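The stops below are given in the order in which to select them.

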Amino acid sequence: MKTFNTLDELPACVGQEVAVSDWLTVTQEQINLFAQATGDHQWIHVDVEKAKAGPFGAPIAHGFLTLSLIPKFFETSFRIENSRMGVNYGLNRVRFTAPVPVGSRLRGRMKLLECKPIEANGMQMTWEVTVEREGSDRPVCIAESLSRRYP
């Protein structure tokens, strides 16, 4: 886990991979709960038997479920001391580049693309988050995530 003592340490990392998260396993229960929360009950996600005979050979996670794991990847890869609050500010670009079969282990690689001061002594950061699936040679998601942190 990477630790920054203050927000002022972040700009020196622009252009670098800053951290890599812990692995986490995507379960069928998570997929089902995500379907319940969003109303997206497409069979490739929630009908296990039909999905086994489908194009991916197993149920796959929703792309937006994969995207929603980004905050967890941040949480397990670095922390910023002397920062009381962080908020998601948005996304610039998102691509779902490969399926995530149930049981996949995922992790995020965080590269800091931009870091600029904002009001209230805060910092806005643009991160390139590459979500990897264990055992695959290509990522499952690449996203530019914007976040704001405040001291």
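Start with strand S7, residues 122-133, which is mostly covered: nine of its twelve residues are buried. Buried means under 20% relative accessible area, exposed over 50%, and partly exposed in between, with a 1.4 Å probe and protein chains only. Helices (H or I, at least four residues) and strands (E, at least two) are DSSP runs, numbered from the N terminus. This is a predicted model, in which local features need pLDDT of at least 70 and side-chain atom pairs count only at pLDDT 80 or more, while totals for chains, interfaces and linings use all residues. Residues are numbered from 1 along each chain as its sequence is written, and side-chain values use heavy atoms, with hydrogens and water left out.

Two strands pair if DSSP finds at least two bridges between them. S6 and S7 pair in the antiparallel sense over twelve bridges, with Ile118 opposite Gly122 in S7. The two strands form a hairpin with three residues between them, and Ala120 in the turn has a positive phi of about 60°. S7 also pairs with S8 in the antiparallel sense, over nine bridges; here Met123 stands opposite Arg149 in S8.

Stay in S8 (residues 141-150) and select Tyr150. Tyr150 counts as buried, at 10% relative accessibility. Contact means heavy atoms within 4.5 Å. Leaving out residues up to four places away in sequence, Tyr150 touches Leu7, Ser83, Arg84, Met85, Val87, Ile118, Glu119, Ala120 and Gly122.

Move to Asn88 in strand S5. Asn88 is exposed, with a relative accessible area of 61%. Beyond its neighbours within four places in sequence, Asn88 is in contact with Pro71 and Leu146.

Select Ser104 in the loop between strand S5 (85-96) and strand S6 (105-118). Is Ser104 buried or exposed? Ser104 is buried, with a relative accessible area of 7%. Its side chain reaches the backbone oxygen of Pro101 at 2.6 Å. Not counting residues up to four places away in sequence, Ser104 touches Leu24, Thr25, Val26 and Arg133.

Now show the aromatic rings. Rings of Phe, Tyr and Trp (its six-membered ring) pair if their centres lie within 6.5 Å; planes under 30 degrees apart count as stacked, over 60 as edge-to-face and the rest as tilted. The whole structure holds five aromatic pairs. One of them is Phe4 with Phe78, edge-to-face at 6.2 Å centre to centre and 85° between the planes. Phe4 lies in strand S1 (residues 2-4) and Phe78 in strand S4 (residues 78-80), so the pair ties together parts that are 74 residues apart in sequence. Both Phe4 and Phe78 are buried. Phe4, Phe74, Phe78 and Trp127 form one aromatic cluster.

Two charged side chains belong with the rings. A charge sits over a ring if NZ of Lys or CZ of Arg is within 6 Å of the ring centre and within 35 degrees of the ring normal. Lys2 lies over the face of Phe4, 5.1 Å from the ring centre, and the charged end of Arg148 sits over the ring of Tyr89, 3.8 Å from its centre.

Finish with the cysteines. A disulfide is a pair of cysteine sulfur atoms within 2.5 Å, and by this rule the count comes to zero. The sulfur of Cys13 is 8.5 Å from the closest cysteine sulfur, in Cys115, too far for a bond. Cys13 is buried at 12% relative accessibility, and Cys141 is buried at 0%.

Notes: A polar contact is a pair of N or O atoms within 3.5 Å; within protein, one must be able to donate a hydrogen and the other to accept it, and residues adjacent in sequence count only if both atoms are side-chain atoms.
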